[in-house]
Amino acid sequence: MRVLVVGGAGYIGSHMVKLLGQRGCEVTVLDNLSAGYRDAVTSGRFVLGDLGEFEVLDEVFRTGRFDGVMHFASHIQVGESVREPAKYYRNNVFKTQYLLDAMVAHRVKSFIFSSTAAIFGEPVRVPIDEAHPREPINPYGCGKWMVERMLQDYDVAYGLKSVCLRYFNAAGADPDGELGERHEPETHLIPLVLRAAAGRLPEVTVFGTDYDTPDGTCIRDYIHVTDLCEAHWLALQRLRAGGESTAYNLGNGQGFSVREVIDTARAVTGREIPVHYGVRRPGDPARLVADARRAQAELGWEPRYNDLATIIAHAWRWEQRRTPG
Ligand code: UFG
């Protein structure tokens, strides 16, 4: 199978490229390296380019004869999207449309889209299933939802079949220790906690201790990056077998508070993790937990690394590789 992975040099994309390579796929990666790393692409053909460059896109599709496309290339910071909505709509929406138009022009029919729990906005019920109202509260979530809507229309008009995968909190690292998370700047909880454990940060700040949760800190559903990639693989198989367009929520269905994450990281690393208790970060819902039963039932997806300590242990091994001594 020939697969185009857009954003294959980034965190989740690079893990996907590795998995596709292991499954015998012929992989082409298109990445502008704005947030990715060339050395994170461990197999396949690499094309340096941006979705906004028509000639690059056309050349990639003319030479690739793809069976499917996976799209990981987006900006991912909620707070930044509020300050710079133009950047988010341009990259995450309009450039995605260029990609879809290239697929239509070159008759590629199977598309796997990286969506997000942020399309649901402030949850009205938890766990969050696929039918939960989509009321995004920031440009990041709005843009992802706009693409999901666009995909429904592209299916009706052009027969482009898609699976939108709504990630909850992607975390962890390649179990082999070869790949991991390399965001700069890093804003996600687990890598920041591990940087504090490694002494690369003086402390980690807990954003708010007055939420309506048992210990007052926010609850999230952390899902191992390798399990996410497995869901992409199964979703692509489903489309290739004639499956209809759909969307799935991807998480473990289990929530952990910020304090629980830090305590687990202390146990896994055996290190002290200095903590500063700060104020709330604007836009953070108290509790985000996935109801992922539909992905399990329809895709046969079963998360393998659904234990928080394992997720943190894999991320810790990666962090240590990056911290000499
Ligand atoms: N947190 C801290 N201190 C930090 C960083 C995070 O206390 O230094 C807290 C946050 O307030 C939140 C939790 O840790 O309660 C997790 O925060 P992350 O930034 O790791 O992840 P988010 O839940 O904010 O974001 C994730 C994805 C986004 C997606 C969002 C959906 O990373 O891409 O879920 O709401 F948009």
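Please look closely at strand S5: how many bridges join S5 to strand S6?

Analyst: Seven bridges join S5 to strand S6 (residues 161-167), and the two strands run parallel. This is a predicted model, in which local features need pLDDT of at least 70 and side-chain atom pairs count only at pLDDT 80 or more, while totals for chains, interfaces and linings use all residues. Residues are numbered from 1 along each chain as its sequence is written, and side-chain values use heavy atoms, with hydrogens and water left out.

Some terms are needed for what follows. Strands (E, at least two residues) and helices (H or I, at least four residues) are DSSP runs, numbered from the N terminus. Two strands pair if DSSP finds at least two bridges between them. A residue is called buried under 20% relative accessible area, exposed over 50%, and partly exposed in between, with a 1.4 Å probe and protein chains only.

Strand S5 covers residues 110-116, and seven of its seven residues are buried. In a regular strand the side chains alternate between the two faces of the sheet. In S5, Ser110, Ile112, Ser114 and Thr116 point one way, whereas Phe111, Phe113 and Ser115 point the other way; all are buried.

S5 also has a partner in strand S4 (residues 68-71): three bridges join these strands, which run parallel. Within this pair, methionine 70 has isoleucine 112 of S5 as its bridge partner. Towards S6, serine 115 stands opposite arginine 166.

The path from S5 to S6 includes helix H5 (residues 139-158), and the three elements make a right-handed β-α-β unit. Right-handed here means that, with the strands pointing away from the viewer, the path from the first strand over the helix to the second runs clockwise.

S6 in turn pairs with strand S11 in the parallel sense, over five bridges. S11 spans residues 246-250, and five of its five residues are buried. Thr246, Tyr248 and Leu250 point one way from S11, while Ala247 and Asn249 point the other way.

The structure holds zero disulfides. Cysteine 142 is in none, and its nearest cysteine sulfur, that of cysteine 164, is 15 Å away. Cysteine 142 counts as partly exposed because its relative accessibility is 24%. The sulfur of cysteine 229 lies 13 Å from the closest cysteine sulfur, in cysteine 25, which is too far for a bond. Cysteine 229 is buried, with a relative accessible area of 1%.

The protein is divided into domain 1 (2-171 + 223-250) and domain 2 (189-220 + 253-322), with bounds that come from an automatic or database domain assignment. Their C-alpha centres lie 24 Å apart. Where contact means heavy atoms within 4.5 Å, 26 residues of domain 1 are in contact with 24 residues of domain 2. The two domains bury about 2,100 Å² between them, 66% of it on carbon and sulfur atoms. His224, Asp227 and Tyr248 supply 24% of the area that domain 1 buries against domain 2, more than any other three residues. Buried area is the accessible area (1.4 Å probe) that two parts lose on being put together, summed over both.

How values were computed. A disulfide is a pair of cysteine sulfur atoms within 2.5 Å.
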